[in-house]
Amino acid sequence: MSKKIDTSAQFIEFFVKKGHYLVGLSENHLLNREYKKSLELLSQAHTMFEKGGAKAEAENVKARFNDIKEKYF
C-alpha cells in the first residue's frame, strides 16, 4: 500500500553535519577551558562521522581528541 522512501542519504548527510557542529562546539568549550566537555563532544562527533561514513574526518577528530587529552590531562 505505501511505498518506502529511501532516506539513508539524508541520514548520512545529517550525521556528517552533526559531526561538524559538535566539533565546532567542542572548540568553543576548549577556548573556555572546559576540557572535559570538549572531549565529550569530540567523542560524540567521532561517532557521528563513523555513522555517516566519513572515516577520514573521524580519524582527524580522534587525533584531536588524543592531543587534547595528552595536553590537558
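Which side chain does Glu40 meet in a salt bridge? Lys37 is the partner, at 3.8 Å, N to O. A salt bridge here means a side-chain nitrogen of Lys or Arg within 4 Å of a carboxyl oxygen of Asp or Glu. Searching the whole structure turns up three salt bridges.

This is a predicted model, where local features need pLDDT of at least 70, side-chain atom pairs count only at pLDDT 80 or more, and totals for chains, interfaces and linings use all residues. Residues are numbered from 1 along each chain as its sequence is written, and side-chain values use heavy atoms, leaving out hydrogens and water.

**Pairs inside one helix**

- Glu40 and Lys37 sit three residues apart in helix H2 (residues 35-51), so about one helical turn separates them. Helices are DSSP runs (H or I, at least four residues), numbered from the N terminus.
- Glu40 is partly exposed at 36% relative accessible area, and Lys37 is partly exposed at 36% relative accessibility. For the cut-offs, buried is under 20% relative accessible area, exposed is over 50%, and partly exposed is in between (1.4 Å probe, protein chains only).
- Lys17 pairs up with Glu13 in a salt bridge, with their closest N and O atoms 3.5 Å apart. Both belong to helix H1 (residues 8-31), four residues apart, or about one turn of the helix.
- Lys17 is exposed at 55%, whereas Glu13 is partly exposed at 45%.

**A pair between helices**

- Arg64 and Glu27 form a salt bridge at 3.2 Å, N to O. This pair links distant parts of the chain, with Arg64 in helix H3 (residues 55-72) and Glu27 in helix H1, 37 residues apart.
- Arg64 is partly exposed at 31%, and so is Glu27 at 27%.

How values were computed. Helices (H or I, at least four residues) and strands (E, at least two) are DSSP runs, numbered from the N terminus.
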